[in-house]
Amino acid sequence: MIIAAAVGCWRRRRLTWAFLFLLSSLLTCWMETMGDWGQHLVYSPSFAHYSWDWLPYHTVTEPYFMPFAYAIYWTIHAWAILTLAQWLVNRRGWSLLTAVIVWSVPVTFLWDISAETLSAYFGWWTYNPGFGPVIAFERGRQPLLWPVTLMLFWPNVVAYLAGKPVNRGLNRIELMFRLDRWTRPRTPQSAPVAVIVTTKPGGTAMLETPIQAPITTTDDGLNYDVVGISRWKFELARFGAWTAVFQLSFFILLVVPLVFLRLVTGHNSIYVP
């Protein structure tokens, strides 16, 4: 998926929705260890792993696949929720926000519980002791309410802010950072022009009035042009805006509640000091 997204960027000469969502999700993975500490989640030591010992709250180990898992897990969730939301928008005439809220509960619960329960069953990771009711397998434990209830917020918030994968304009993240001040809407005047050339008897060529092509987008799939700044700087600004929103929202909506609950309740784990 990451390679395919990178190829898409090369073909369109810009950072695509898929690439930005994959990379922005991947870059939040360094906070996973704090969240794991907060919810008593421990990975199997048989995985090749690393540790963030410099953080005040961290679990014992983090597998090397974690950054890539972050990229794929959150991007697939966002694609699913936005695709289903757009179906409701088209069918019911609802706003995208309303449709995302409606789908957030069933999609998030099914996606998270199915992935995590399978992982606990195979012993890839376990919650010990975990909060609330749990399913206990021979090799792992999976809570049914926490943190899956918390998951209803962050992945759906960033999916809504990122907007539809096929969006041709700036999304809410980019508008939040006022990147629209470096863009202007595409008009027929900025599109390619069709020219008609006719030949008179005797072989003399005559250039007739150009006909404006009735399109507003070009091969990059956008409905705006970048002005007042070089394109690579504009794309870098987009990447910075996405990264800032993902990092800050992940920390506030996921890490803080997870760590706070463990500190307040005083829950202990034989695996997580």
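**Close-up views of the chain**

**View 1. The end of helix α8 and the residue that follows.** The model is predicted: local features need pLDDT of at least 70, side-chain atom pairs count only at pLDDT 80 or more, and totals for chains, interfaces and linings use all residues. Residues are numbered from 1 along each chain as its sequence is written, and side-chain values use heavy atoms, with hydrogens and water left out. Helix α8 covers residues 231–265, which is 35 residues. From its first C-alpha to its last, α8 reaches 50 Å, close to the 51 Å expected at 1.5 Å a residue (1.5 Å times one less than the number of residues). At F251, α8 bends by about 35° (the angle between axes fitted to the seven residues ending there and the seven starting there).

**View 2. The whole chain.** There are 8 helices and 12 strands (DSSP runs numbered from the N terminus: H or I of at least four residues for helices, E of at least two for strands). The chain has 273 residues, and 43% of them count as buried (under 20% relative accessible area; exposed is over 50%, partly exposed in between; 1.4 Å probe, protein chains only). Among contacts with a separation of 6 or more, 62% come from residues 24 or more positions apart (contact: heavy atoms within 4.5 Å). The chain exposes about 14500 Å², and carbon and sulfur atoms supply 68% of this area (Shrake-Rupley method, 1.4 Å probe; for residues, only the protein chains shown count as cover).

**View 3. Helix α3 under cover.** Helix α3 spans residues 32–39 and is mostly covered, with 8 of its 8 residues buried. These are E32, T33, M34, G35, D36, W37, G38 and Q39. The buried residues of α3 pack against strands β1 (41–43), β3 and β4 (125–127), and against helices α4 and α8. H40 follows α3, and its phi is positive, near 65°.

**View 4. Helix α4 and its end.** Helix α4 has 27 residues. Its first and last C-alpha atoms are 38 Å apart, close to the 39 Å expected at 1.5 Å a residue. Just after α4 comes G93, with a positive phi of about 75°.

View 5. S24 sits in helix α2, residues 17–26. S24 is buried, at 1% relative accessible area. Beyond its neighbours within four places in sequence, S24 is in contact with W242, T243 and F246. S24 and A241 are 217 residues apart in sequence, yet their C-alpha atoms are 9.8 Å apart.

**View 6. Aromatic pairs.** The structure holds 22 aromatic pairs (Phe, Tyr or six-membered Trp rings with centres within 6.5 Å; planes under 30 degrees apart are stacked, over 60 edge-to-face, the rest tilted). In the tilted pair of Y50 and Y64, the centres are 5.4 Å apart and the planes make 45°. Y50 lies in strand β2 (residues 49–50) and Y64 in the loop between β3 (62–63) and α4 (66–92), so the pair ties together parts that are 14 residues apart in sequence. Y50 counts as buried, at 16% relative accessibility. Elsewhere, ring pairs link a cluster of W17, F21, Y70, Y73, W74, W111, W154, W242, F246 and F250.

**View 7. Arginines over ring faces.** R181 lies over the face of W182, 4.2 Å from the ring centre (NZ of Lys or CZ of Arg within 6 Å of the centre and within 35 degrees of the ring normal). R139 lies over the face of Y121, at 5.9 Å from the ring centre.
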